[in-house]
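Hi,

Here is the structure I said I'd pass on.

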Amino acid sequence: SQNAYLRQWKCKFKDYINSLMVREAPPPDRLCSVCKKDGVYRCHGCFNEPLFCTDCCRIQHQRHPFHRISQWTGSFFQETSLLKVGLHIHLAHDGTPCPSSSTDYSSDVFQWSDTDDDIDDDYPEGPFIPPVRDPDQPAITIVDKSSVHSLSICYCHCPGALSRDMQLFQAGLFPASFTRPKTAFTFAILDDFLLDNLECGTSAMNYYSKIRRLTSSIFPLMVPDRYRELMRAARQWRQCKLYKWHGFAHKDDQPKDGDLTLFCPACPQPGINLDLSTGTVTQSDNTPSWLMTRYLVMDGNFKAEHMHPVNPSDEVSLMDGLGFMVSDDRYKSHLAIARDHVQRSDCNNHQAVNQANASRQRLEATGIGGCACAWHGCFVPYSMVDFQKDERQMNMDYALSQALNYKTNGISRAITFYDINCQYNKYLKDRIASSMYLSIPIGMDIIPGIGLWHVHGHQDSCFVRYASNFIHGTGRIDGEIMETLWAPLNIISPSARGMGTPHRKEVLDYQMNDCNFMKMIRISKSLTTGCTYMYVVCIVLRSGAAFVSLPSCTDLFSIFGPKPFVYVLGEGIKLFIPCLHGSAFDGMVWVPSQTYCAAR
């Protein structure tokens, strides 16, 4: 057990701490690990932290310019920079000096010697050193996962050479500006930040604060602040990655609404996982209708608030409408002409209906809402909207309309689950018909449902009308899966609350896309897991056997009369049957308080 290891650790702790202190000192001979000369530089990025002389340190790190090194002062190792050993990063020409450059790189720019003398006071100590003001050999600030570095960059000056920003980009450095770049981010740190943001919900401020502390644990505030540049570069990098992943990087076609997203691989999508025949889904006579049905769940999330932007007219959107959040202009046009129906609930007192007119003046958006596939919990692309006054019908109408039109050409049946569908669905078709911005596919039949958890907060009549137990073709589905999808979004919602409107949408889009991606790569494992699969097979077999053993409806009526009861099929299995009228089930009557139990 883990405690057993800790008990052993208590006996070995002294040995480990002694070994840790030994590593703080150089070897007794203090020789360079390459040329065996006097070694004064220790690299913390190379394996086993070897010692190097100045020349070997520079040569060995020509391909590893972002390693952190320390210099032996005679009594301890003090952090320093590879810039002090004369390291230059040569762009183009496979890392060798440009033949068109007249600069002589054979001599060390800084003329450092391998001695134990005090380090020159002209340069502050630490891994970061201010850029050298040399136009021929400009030093720029490079932010990497290891720390913030100041390194000398040597550009290519050959005729026809790329601009400086493109030379940096081709070398794996993302420039923070385009004309005279003075800051660049490695691709590694941009990937690491985006992954950290997805998995841990780390904000750009907290992430860069960590990088500053890695650079200088004692004086992190002395490290250059590149927080704003990191946020901007991360947005640009996110756009590059999405265009590349979705096949738009190598062709001139521009992505359309929702094209930079992933959707559920198991839900029916004509043209993707369903064959098309003259514009309709090919469906044989023996194909069940539920196989060609789109199952959707609708819900809102009030944790994803957004404050009013400081200067909305100056904001720049990089991927408006290309992800899960709908495009701004068309959505606002819909809201401008949509009528705000003040509808009092004739069911139980539902907060989503009765408080739909609540207003929060300090917020641009009080939350978000949208649709996901009810079976597998994948967000539907281009179907997420912002709320202005809580969860109003005009907001959810737009989200549902977009979801029903997303790759449903030929699908004629959709089952929607919504917490307040008993009220929302009453005049849905009228609202859609009266709006030029709303539409549903021609001939599509929309069947309303309510999730099995929320339906018990409704009146008894709603249970048999909207519970998935009584909707033909739904199978065993709870209709509540979207509640679980808000959890990862709620982690990043606080940091996205004060972002600009386009930036916030891009962050939410990326998070939802990653959620769908993780569902996609895990769905096969979850379906083929031994215990899950065998459990389902066992339940199917036992249910089939139990159904065959049931007496006829006439026999049940003669035994129990016209009252509901619970029929015990076996150990741990019960069948709930509503009231019987004659020899037929009346699914519109359900009186749980009057049920009886019978054992065969």
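Asn-301 stands opposite Ile-368, a residue of E15. Helices (H or I, at least four residues) and strands (E, at least two) are DSSP runs, numbered from the N terminus. Before you go further: this is a predicted model, where local features need pLDDT of at least 70 and side-chain atom pairs count only at pLDDT 80 or more, while totals for chains, interfaces and linings use all residues. Residues are numbered from 1 along each chain as its sequence is written, and side-chain values use heavy atoms, with hydrogens and water left out.

Back to the strands. E15 (residues 367-373) runs antiparallel to E12 (residues 293-301), and six bridges join them. Three bridges link E15 to E16 (residues 385-387), again antiparallel; here Gly-367 has Phe-387 as its bridge partner. Two strands count as paired if DSSP finds at least two bridges between them.

How many residues of E15 are buried? Seven of the seven, so the strand is largely enclosed by the rest of the structure. (Buried means under 20% relative accessible area, exposed over 50%, partly exposed in between, with a 1.4 Å probe and protein chains only.) Gly-367, Gly-369, Cys-371 and Cys-373 point one way, while Ile-368, Gly-370 and Ala-372 point the other way.

**The core and helix H7**

The largest nonpolar core has 34 residues, and Phe-263, Tyr-398, Leu-400 and Tyr-424 have the most contacts inside it. E12, H7, E15, E16, H9 (393-404) and H11 (428-433) each supply at least two of its residues, with H9 giving the most, seven. Such a core is a set of buried Ala, Val, Leu, Ile, Met, Phe, Trp, Tyr and Cys residues joined through side-chain atoms within 4.5 Å.

In H7 (residues 328-337), the buried residues are Asp-328, Tyr-331, His-334 and Leu-335. Viewed down the axis of H7, they fall within an arc of 135°, so they line one face of the helix. That arc is taken from the directions from the helix axis to the C-beta atoms. Exposed Asp-329 and Ala-336 sit on the face turned away from the buried side.

**Elsewhere**

There is also an open sheet of four strands, ordered E2-E1-E3-E4 with antiparallel pairing. Its edge strands, each pairing on one side only, are E2 (51-52) and E4 (77-80). Two bridges join E1 (residues 41-43) to E2, and Tyr-41 has Phe-52 of E2 as its bridge partner.

Finally, Phe-13 belongs to helix H1 (residues 2-23). Its relative accessibility is 42%, so Phe-13 counts as partly exposed.

Cheers
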